Amino acid sequence: MARADLDKQPSDVRRMFDTVAKRYDLTNDLMTAGIQRSWRRSMVDAVAARPGDLVLDLAAGTGCSSEPFAAHGATAVPCDFSVGMLQQGKKDRPGLPFVAGDGTRLPFLDDTFDAVTISYGLRNFVDPVAGLEEMHRVTRPGGRLVVCEFSRPVNAALRKVYLDGVMRALPAIASLTASASDAYVYLAESIRAWPDQEGLAAMIAEAGWQRPQWRDLTGGIVALHRATA
């Protein structure tokens, strides 16, 4: 497993997610003590999907993040570059239209989607700005972007506990359910190496999105970034 810097090899990241696909949803729930469910609800609220909307859920994994959009009358297209994740998703959620795709070269036409969302996946892109540019390309004018990603706790004490304690404990916690706990070493390191809230907002603007803004969740452990095409 390569160390987590921002020069990630897509093939390494893809293989990593293939190996953890079977118990990925369960492991995430365990590692976050279930808090990730409230983060997902906040993400769905931020997308504000309407009946008839077409929503691209990028880095969707097994499609857990895609399901809620149907309750709003929207059609969600879960897209991921991990075949293992897609295969597991198709078993768990056969009604979703899973699509295999690289986030930096999306297999969709320009101006296709009313909204694009990505949860905890942008930091795994070899070129996040290129990925954000692709998301902009496939979004209709006036459409929405919502990025839910790990960030920097705004309180110094919480930040120290989170980055120095929780992140180092992730592989051990993951070993309770995951067969490839070394993958979570990478995930923890990628979180530590990722820009803060302001840094991600700057990347979103660089990619051509308008009026990027963010909202901290759980003290900034996760941030929701929003922008329009």
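A disulfide is a pair of cysteine sulfur atoms within 2.5 Å. By this rule, the count for the present structure, which is a predicted model, comes to 0 disulfides.

The strands of the model are arranged in an open sheet of 7 strands, which follow one another in the order 3-2-1-4-5-7-6 and show mixed pairing. Strand 3 (99–100) and strand 6 (210–217) stand at the edges, and because each has a single partner strand, one side of each is left without a neighbour in the sheet. Strand 1 (residues 54–58) is paired with strand 2 (residues 75–80) in the parallel sense, over 5 bridges, and within this pairing Leu56 has Val77 of strand 2 as its bridge partner.

Helices are also found against this sheet. Helix 8 (residues 197–206) packs on the sheet, where it touches strand 5, strand 6 and strand 7 (222–228), and its direction makes about 155° with that of strand 6. Helix 5 (residues 128–137) lies across strand 1, strand 4 (113–119) and strand 5 (139–150), and runs at about 145° to strand 5. The buried residues in helix 5 are Pro128, Val129, Gly131, Leu132, Glu134 and Met135, and the buried residues of this helix pack against strand 1, strand 4, strand 5 and helix 8.

The largest nonpolar core holds 24 residues, of which Leu56, Leu122, Leu132 and Met135 touch the most other members. At least two residues of this core are supplied by each of strand 1, strand 2, strand 4, helix 5, strand 5 and helix 8. When neighbours within four places in sequence are left aside, the contacts of Leu56 are with Val77, Cys79, Leu106, Phe108, Phe113, Ala115, Val116, Thr117 and Val138.

Leaving aside neighbours within four places in sequence, Thr112 is in contact with Leu54, Val138, Thr139 and Arg140.

Definitions and conventions: Residues numbered from 1 in each chain as written. Predicted model: local features only at pLDDT ≥ 70, side-chain atom pairs only at ≥ 80, totals over all residues. Heavy atoms only, no water. Pairing = 2+ DSSP bridges. Helix = DSSP H or I, 4+ residues; strand = E, 2+ residues; numbered from the N terminus. Contact = heavy atoms within 4.5 Å. Axes fitted to C-alpha atoms, helices over the stretch in contact; angles between N-to-C directions. Core = buried A, V, L, I, M, F, W, Y, C linked by side-chain atoms within 4.5 Å. Buried < 20%, exposed > 50% of the residue type's maximum accessible area, 1.4 Å probe, protein only.
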